Amino acid sequence: MSTAVLADRDIVADFVAVLAHHRHVHSAEPLGDGRWRVRRTGTGSVEILSSEQTEEMVMDHLIAAFAARGLANPDDF
C-alpha cells in the first residue's frame with residue numbers, strides 16, 4: 001500500500017479512534033511514530049502495529065465499508 005494515501009498521521013489516528021469507538025477493534029493506543037498497540041475484537045491478543053500496518057488496517061476497513069454499501073468494488077483498490 002502506498003503511504004501517500006494516508007500519510008497524515010492525524011487522519012490515521014482519527015480513523016483508528018473511529019474503529020475503536022465502533023468496536024471494530026477492542027482498543028487502540030498510540031505508541032508514537034505512527035505505531036499503535038491494538039487489541040482486535042474477537043482475538044483478545046494485543047498487536048503492536050507499525051505505521052504501515054496501521055494504515056493497511058484502516059484502509060481494509062474503509063474498503064470493506066464502501067463495498068458493503070455498494071459504493072465500491074474491493075478490486076478497485
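Trainee: Which strands does α2 lie across, and at what angle does α2 run to β3?

Mentor: In this predicted model, α2 lies across β1, β2 and β3, and its direction is at about 110° to that of β3.

Trainee: Let's step back to the layout. How many helices and strands does the protein chain have, and in what order do the elements run from the N terminus?

Mentor: The count comes to 2 helices and 3 strands. Going from the N terminus, you read α-β-β-β-α.

Trainee: Now the sheet. How should I think about strand pairing, and what is the strand order here?

Mentor: The general idea first: strands of a sheet pair through backbone hydrogen bonds, either parallel or antiparallel. Here the 3 strands make an open sheet, ordered β1-β2-β3, with antiparallel pairing. At the edges sit β1 (25-32) and β3 (46-49), each of which pairs on one side only. From one strand to the next, the twist averages 20°.

Trainee: How many bridges join β1 to β2, and which residue in β2 stands opposite P30?

Mentor: There are 6 bridges between β1 and β2 (residues 35-40), and the two strands run antiparallel. Opposite P30 you'll find W36 in β2.

Trainee: And the turn between those two? Which residue takes a positive phi in the hairpin of β1 and β2?

Mentor: Look at D33. The hairpin leaves 2 residues between the strands, and D33 has a positive phi near 55°.

Trainee: On to the helices. At what angle do α1 and α2 pack, and how far apart are their axes?

Mentor: Helix α1 (residues 9-21) packs against helix α2 (residues 51-68) at about 60°, and the axes are 10 Å apart. Because angles from 65 to 115 degrees count as roughly perpendicular and those under 35 as roughly parallel, α1 ends up oblique to α2.

Trainee: Is the crossing left-handed or right-handed? And which residues meet?

Mentor: It's a left-handed crossing of α1 past α2. On the α1 side, V12, F15, V16 and L19 make the contact; from α2 come T54, E55, M57, V58, H61 and L62. Sorted by class, this contact has 7 nonpolar, 2 polar and 1 charged residues.

Trainee: Last thing, the whole chain. What percentage of the residues count as buried, and what share of the contacts comes from residues 24 or more positions apart?

Mentor: Of the 77 residues in the protein chain, 23% count as buried. As for contacts with a separation of 6 or more, 30% are between residues 24 or more positions apart.

Note on methods:
Residues numbered from 1 in each chain as written. Predicted model: local features only at pLDDT ≥ 70, side-chain atom pairs only at ≥ 80, totals over all residues. Heavy atoms only, no water. Axes fitted to C-alpha atoms, helices over the stretch in contact; angles between N-to-C directions. Helix = DSSP H or I, 4+ residues; strand = E, 2+ residues; numbered from the N terminus. Parallel < 35°, antiparallel > 145°, perpendicular 65-115°, else oblique. Left-handed = near helix turned anticlockwise from the far one by under 90°. Contact = heavy atoms within 4.5 Å. Nonpolar A, V, L, I, M, F, W, Y, C, P; charged D, E, K, R; others polar. Pairing = 2+ DSSP bridges. Buried < 20%, exposed > 50% of the residue type's maximum accessible area, 1.4 Å probe, protein only.
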